[in-house]
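Colleague: I would like to learn how to read sheets and helix packing. Could you take me through a case?

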Amino acid sequence: MVLSQKIHEAFKGTVERMTGPRTVSAFKEKGVLSIAEFIIAGDNLVSKCPTWSWESGEPSKRKSYLPNDKQYLITRNVPCLRRAASVEEDYEAAGGEVLIDNEDNDGWLATHGKPKETNSDDEENFPSMETLEITKTNTIQSISSYFGGEEEEDIPDMLEYEDPDNLIETDPATLQSTYIVAQEPNDDNILRTRTYDVSITYDKYYQTPRVWLTGYDESRMLLRPELVLEDVSQDHARKTVTIEDHPHLPGKHASVHPCRHGAVMKKIIDVLMARGVEPEVDKYLFLFLKFVASVIPTIEYDYTMDFDLGSSSH
Amino acid sequence: SSSSTTSTLILQFAPLQSLVDEGFWRRLSSLKLDTLGIDQSPINITGFYAPCSHAQVSNHLTLLAESLPPEVGEQSSDGTIVRGNRNRCPVPGILYNTNTLESFHALDKQSLLKAEAKKIWEDIHSGKAEEDSSVLLRFLLISFADLKKWSFHYWFAFPALVLDPAATLIDIRPASHCFSLEEGESLSAACNEWRNSSLTADVPFFLISITNSCATIRPLRDWKTCQGDDKKLLFGFYDPCHLPNNPGWPLRNFLALISSRWNLEKVRFLCYREKHGLADLGFSLVGEALIPVPQGWNDPEFIPNAVGWEVNRGKKIPRCITLANSMDPTRLAIAAA
């Protein structure tokens with residue numbers, strides 16, 4: 001919280017110059033989006049990547065400036081097979097990471113060589129050999145992570161209360177969980193398979209989208225937001241990724257702070273324009289999600305880049 | 001069937017898993033404090049699920065804040081019917097929330113499960129399941145909300161009617177291996193169309209007929225018109241499971257319907273799965289199974305056995321989640337100070 005406040009202060013001057021009502025698009029000039037443009041870009045994301053949906057969220061938290069049925073975007077049950085720290089070791093070994101903005105030592109990682117873009121079918125079905133190697137050498141433990149701090153105390157209760165005749169289910173047609181374990185190449189790997197609900201809200205102050213993460217552990221119990229930081233690139237954990245109230249959902253969630261989003265998007269747009277590509281505003285979220293992937297490299301949400309990002313001026 | 005090997009393989013289904021969003025427990029707490037009081041009557045709730053869309057993890061039966069009736073004063077002007085979309089197909093469920101931990105443990109879980117299984121069985125026989133196939137996925141949740149500690153004890157059951165004798169597996173393989181290129185393309189297109197239409201996107205069970213390499217998808221109510229001599233017929237369902245050799249749980253009650261209502265003994269089914277939100281026949285499975293005529297199913301009084309209590313980390317115990325850090329006003333006040 002304190003760090004996020006500091007960051008907020010540091011960039012406030014820039015941000016204030018960018019705020020104010022807009023009648024024309026500041027997309028290319030500032031890398032920001034108007035509310036109407038956010039809806040257009042969101043509609044396009046939902047249509048091209050159908051694992052994303054619009055949702056209306058808590059009725060009491062609805063923003064009047066957004067349509068009731070298009071308050072925010074969400075994709076659920078996104079796998080996260082390993083902790084971001086182990087992937088960073090990969091990058092370093094490969095010498096593969098590139099900063100696109102390092103002037104103030106707070107740059108965003110560029111998205112070169114992300115493992116998620118080199119999926120082959122085999123790799124998607126099972127973690128690769130590479131993963132297994134990391135599993136063996138990496139000592140990061142998946143902390144017993146759900147909110148059930150009192151569960152251990154509760155287990156004796158359960159045994160005390162459980163009627164042994166109450167729940168006998170000997171059913172040969174039920175696949176036992178040991179079978180599922182046998183499908184996985186490594187027990188440890190199961191502990192690492194978290195899932196995430198990734199949501200995108202519109203931040204009116206910064207005039208950019210904002211990404212939120214809700215994590216679940218391997219038994220699909222809610223992860224404490226602090227543990228979500230294990231799945232954030234370590235350059236960003238606690239610095240640009242903070243834990244705050246979600247604008248449409250209850251509770252605290254990890255979020256990529258949007259204070260630099262406009263500036264980073266502007267840089268990406270400039271690079272595209274220098275290549276003769278005229279970026280179109282409805283593609284904003286694809287570019288944005290590509291950049292967010294550098295912050296949360298192991299959370300494998302969908303965004304496709306298989307089509308033109310804009311109209312080429314060539 | 002004379003070609004089958006000496007050892008028969010029992011068709012095994014991967015159990016459904018539950019996932020509960022924090023919003024569900026928050027709304028339940030508000031309901032309990034503001035509306036329900038000590039009333040322990042069961043509450044109709046709505047769960048959500050979708051076909052598996054990531055090769056590494058199964059999808060879950062998810063509970064969100066919207067799974068519960070709206071809080072007082074939150075009835076929005078648009079009527080707030082729980083609406084589905086392609087990523088959240090609504091499934092009917094029932095919640096038994098008790099007032100004490102003792103009464104939570106004292107619930108007769110076997111009878112509660114049987115009661116839900118009976119509803120599924122009746123919906124199959126009345127034809128209701130053909131009109132609204134989501135009733136085949138009915139689930140049950142028992143809970144105790146400890147609002148002093150902000151902890152929630154709970155246990156899910158996904159009732160499945162037991163086929164006795166069990167269905168046996170003839171073959172199961174990626175769907176892409178079971179069709180010609182033309183058939184596969186037509187089937188993918190038909191599935192994507194089904195998933196993209198707001199009328200059918202959240203309908204989890206369907207019929208697929210393939211005639212002259214052209215695939216058509218129809219709702220279960222069209223069963224009679226779907227039959228013909230030169231047609232390949234498959235029973236499709238949204239499969240939440242990601243495993244390469246097993247269908248997911250929803251197929252169980254579907255097979256019960258197919259066997260008891262349509263009297264089929266040999267079926268081909270499609271475990272429909274997606275990649276990037278689109279039909280993926282390499283990930284989807286086609287299976288062929290034999291369903292021996294189950295014992296006693298012709299008896300009008302008969303109700304099949306049911307199974308389906310969720311296992312918690314390999315054990316038959318309830319789950320518990322503590323949300324004191326985010327819900328307890330005292331802790332929040334300290335954190336904010």
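Colleague: Which residue in β10(B) is the bridge partner of Leu207(B)?

Modeller: Arg218(B) is the bridge partner of Leu207(B). First, the ground rules. This is a predicted model, where local features need pLDDT of at least 70, side-chain atom pairs count only at pLDDT 80 or more, and totals for chains, interfaces and linings use all residues. Residues are numbered from 1 along each chain as its sequence is written, chains are lettered from A and ligands numbered from 1 in the order in which they are written, and side-chain values use heavy atoms, with hydrogens and water left out.

Colleague: How do β9(B) and β10(B) pair?

Modeller: In general, strands of a sheet pair through backbone hydrogen bonds, either parallel or antiparallel. Here, strand β9 (residues 205-211) of chain B pairs with β10(B) in the antiparallel sense, over five bridges. Two strands count as paired if DSSP finds at least two bridges between them. Strands are DSSP runs (E, at least two residues), helices likewise (H or I, at least four), numbered from the N terminus. β9(B) and β10(B) form a hairpin with two residues between them. Asn212(B), in the turn, has a positive phi of about 50°.

Colleague: Which side chains of β10(B) are buried?

Modeller: Ala215(B) and Ile217(B) point to one face and are buried. Buried means under 20% relative accessible area, exposed over 50%, partly exposed in between (1.4 Å probe, protein chains only).

Colleague: At what angle do α3(B) and α6(B) pack?

Modeller: Two packed helices are described by the angle between their axes and the distance between the axes. Here, α3 (residues 109-126) and α6 (residues 251-262) of chain B pack at about 40°, with axes 10 Å apart. Axes are lines fitted to C-alpha atoms, for helices over the stretch in contact, and angles run from 0 to 180 degrees between N-to-C directions. The pair is therefore oblique. Angles under 35 degrees count as roughly parallel, over 145 as roughly antiparallel, 65 to 115 as roughly perpendicular and the rest as oblique.

Colleague: Which residues of α3(B) meet α6(B)?

Modeller: Ile120(B), Trp121(B), Ile124(B) and His125(B) do. Their partners in α6(B) include Ala256(B) and Leu257(B). Contact means heavy atoms within 4.5 Å.
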